[in-house]
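Subject: Two-chain model, handover and notes

Dear colleague,

Here is the structure we talked about handing over. My notes on it follow below.

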Amino acid sequence: MKAHFVPARLSHLAASAGVLLLAVLQADVAHAWSLNLSPATRRVFLHVGNGTANQDNSTVNLVQVSVPAAQVGNGVAQAMASNSTQSTSLYGDGYTTCPTPSTQVMVGASYQRNNNSSPASATLRVTSPASLVSAAGDTIPFSQISWTVSAAGSPVPGVIPAGTFSGTAQTLATVPANTYIENCHTFSYANSALRAAGTYTGQVTYTLTSP
Amino acid sequence: MSRLRSLCTLCLALALFAGSARANPHRLDDSGSHTVPPNVQMQWRPMTSRSNGAGMEAWLRVNLRIDTAAWIGRSGRVYMVLPRDEMSSIEAVWTSQGRLLPGRLVSGERTLVYAGRIATATLEDQFTVRLRSGADWQGSRRRLDFHFEFDAD
């Protein structure tokens with residue numbers, strides 16, 4: 001009687017284990033919709049003057065000044081005007097960061113990346129040639145042109161600092177990952193030496209790079 | 001004797017209730033479902049002052065075919081589930097063609113997509129899904145495994 005009871009109980013336990021195993025297998029074979037996701041590739045965005053959020057914009061803005069003959073070389077800095085019309089931020093809030101674009105050039109830069117092995121920041125640089133050149137071949141050192149910065153309503157108006165063109169590549173700012181920086185640059189000509197009459201031109205190029 | 005029978009009936013009812021509660025949820029097979037496209041690359045969302053750092057998003061369609069043959073005639077609720085993985089939360093927001101409910105789901109949660117009596121062997125619909133996540137991924141690739149489960153009444 002006792003010998004007969006024990007195998008019956010064992011048999012019951014074995015059956016329970018079998019049901020449990022089947023239940024686990026059943027869970028494994030229940031398929032579901034799956035998806036492989038790749039993260040967005042890292043991205044830099046830069047605009048100098050007129051720009052379009054997250055799109056290319058080929059505009060090259062002009063900053064200029066006409067120095068009256070009587071004032072040439074008198075050492076009094078001359079404010080430069082801009083043909084930029086970009087007054088509102090491209091940061092997404094439409095804020096009027098540069099309220100007087102006729103004397104300001106808005107510079108904005110962002111760097112987006114994932115938390116992987118990508119660099120932690122991007123670098124904003126500006127490269128200027130050694131000189132502005134006239135049609136006659138006369139030159140003015142680019143170091144005669146400086147800029148001040150501002151940003152209406154910003155707690156960090158100097159996030160991209162003021163400076164003077166050096167005639168070479170200059171580092172302006174570091175843009176940490178997943179941040180956006182912007183402010184307004186107002187240019188002036190030092191007017192510290194006599195120059196031959198003429199129209200002097202030169203182009204500076206801003207770059208934002210993540211190695 | 002009558003009191004004993006009532007007690008036993010109550011015990012049986014409690015046991016059945018407990019058994020039913022333990023049984024839910026039931027994983028449903030939707031191996032007939034597929035996504036278009038099958039692999040998706042996230043895109044950066046524009047940076048704004050309200051979401052510094054922004055994040056990524058992707059859009060896709062999911063053609064759903066959920067096997068409910070085992071539950072025909074039963075009433076209950078079907079949920080879509082996105083298990084949490086080791087990375088940051090994913091948010092899925094979808095619209096449907098009407099057979100299932102539109103909704104929103106975040107990693108680690110489940111959201112109701114159907115409630116009522118199961119009348120057919122399959123539940124079919126097409127979701128248009130927007131996926132969003134933060135930028136704090138550690139890896140270069142991520143697999144999302146959604147599934148459906150049924151809570152019988």
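Chain B has 1 helix and 12 strands, where helices (H or I, at least four residues) and strands (E, at least two) are DSSP runs numbered from the N terminus. Read from the N terminus, its elements run α-β-β-β-β-β-β-β-β-β-β-β-β. Chain A has 1 helix and 15 strands.

Some conventions before the details. This is a predicted model, in which local features need pLDDT of at least 70, side-chain atom pairs count only at pLDDT 80 or more, and totals for chains, interfaces and linings use all residues. Residues are numbered from 1 along each chain as its sequence is written, while chains are lettered from A and ligands numbered from 1 in the order in which they are written.

Confidence and burial

The mean pLDDT of chain A (pLDDT being the predictor's confidence in each residue, from 0 to 100) is 85, and 84% of the residues of chain A reach 70 or more. Residues 1-30 of chain A stay under 50, and the model has 5 contacts for them beyond four places in sequence. Two residues are in contact if their C-beta atoms, placed from the backbone, lie within 7 Å.

Buried residues make up 27% of the 211 residues in chain A, and 27% of the 153 residues of chain B count as buried. A residue is buried if 20 or more other C-beta atoms lie within 10 Å of its own, exposed if 12 or fewer, and partly exposed in between, with C-beta atoms placed from the backbone. For contacts between residues at least 6 apart in sequence, 67% in chain A join residues at least 24 apart; in chain B, 77% do.

A sheet in chain B

Chain B has an open sheet of 4 strands in the order β1-β12-β6-β9, with antiparallel pairing. Two strands pair if DSSP finds at least two bridges between them. β1 (26-28) and β9 (109-117) of chain B stand at the edges with a single partner strand each, so one side of each is left without a neighbour in the sheet. On average, neighbouring strands of this sheet are turned by 30 degrees against each other, direction ignored; the axes are lines fitted to C-alpha atoms, for helices over the stretch in contact, and angles run from 0 to 180 degrees between N-to-C directions.

The antiparallel pairing of β1(B) with strand β12 (residues 147-152) of chain B extends over 3 bridges. B:Arg27 stands opposite B:Glu149 in β12(B).

Where the chains meet

In the interface, 38 residues of chain B are in contact with 26 residues of chain A. On the side of chain B that touches chain A, at least two residues each come from β1, β2 (34-36), β3 (39-41), β4 (43-44), β5 (56-67), β11 (142-145) and β12 of chain B. The largest share of that side, 4 residues, comes from β11(B). By class, the side of chain B that touches chain A has 15 nonpolar, 15 polar and 8 charged residues (Ala, Val, Leu, Ile, Met, Phe, Trp, Tyr, Cys and Pro count as nonpolar, Asp, Glu, Lys and Arg as charged, and the others, Gly among them, as polar).

Strand pairing also crosses between the chains: strand β1 (residues 34-38) of chain A runs parallel to β3(B), joined by 3 bridges. A:Asn36 has B:Asn39 in β3(B) as its bridge partner.

The nonpolar core

The largest nonpolar core has 62 residues, of which A:Ala109, A:Val175, B:Val78 and B:Ala92 touch the most other members. Such a core is a set of buried Ala, Val, Leu, Ile, Met, Phe, Trp, Tyr and Cys residues joined through C-beta atoms within 7 Å. Leaving aside neighbours within four places in sequence, A:Ala109 is in contact with A:Phe45, A:Leu46, A:Leu124, A:Val175, A:Ile181 and A:Leu208.

Backbone points to check

The peptide bond between B:Asn24 and B:Pro25 is cis, with omega about -5 degrees; B:Pro25 is in the loop between α1 (2-23) and β1 of chain B. Another cis bond leads from B:Val36 to B:Pro37, with omega near -5 degrees, and B:Pro37 is in the loop between β2 and β3 of chain B.

A:Asn178, not a glycine, has a positive phi near 60 degrees. A:Asn178 lies in the loop between β12 (169-176) and β13 (179-189) of chain A and is buried, with 22 other C-beta atoms within 10 Å. A:Asn191 has a positive phi of about 55 degrees, again without being a glycine. A:Asn191 is in the loop between β13 and β14 (200-201) of chain A and is partly exposed, with 19 other C-beta atoms within 10 Å.

Regards
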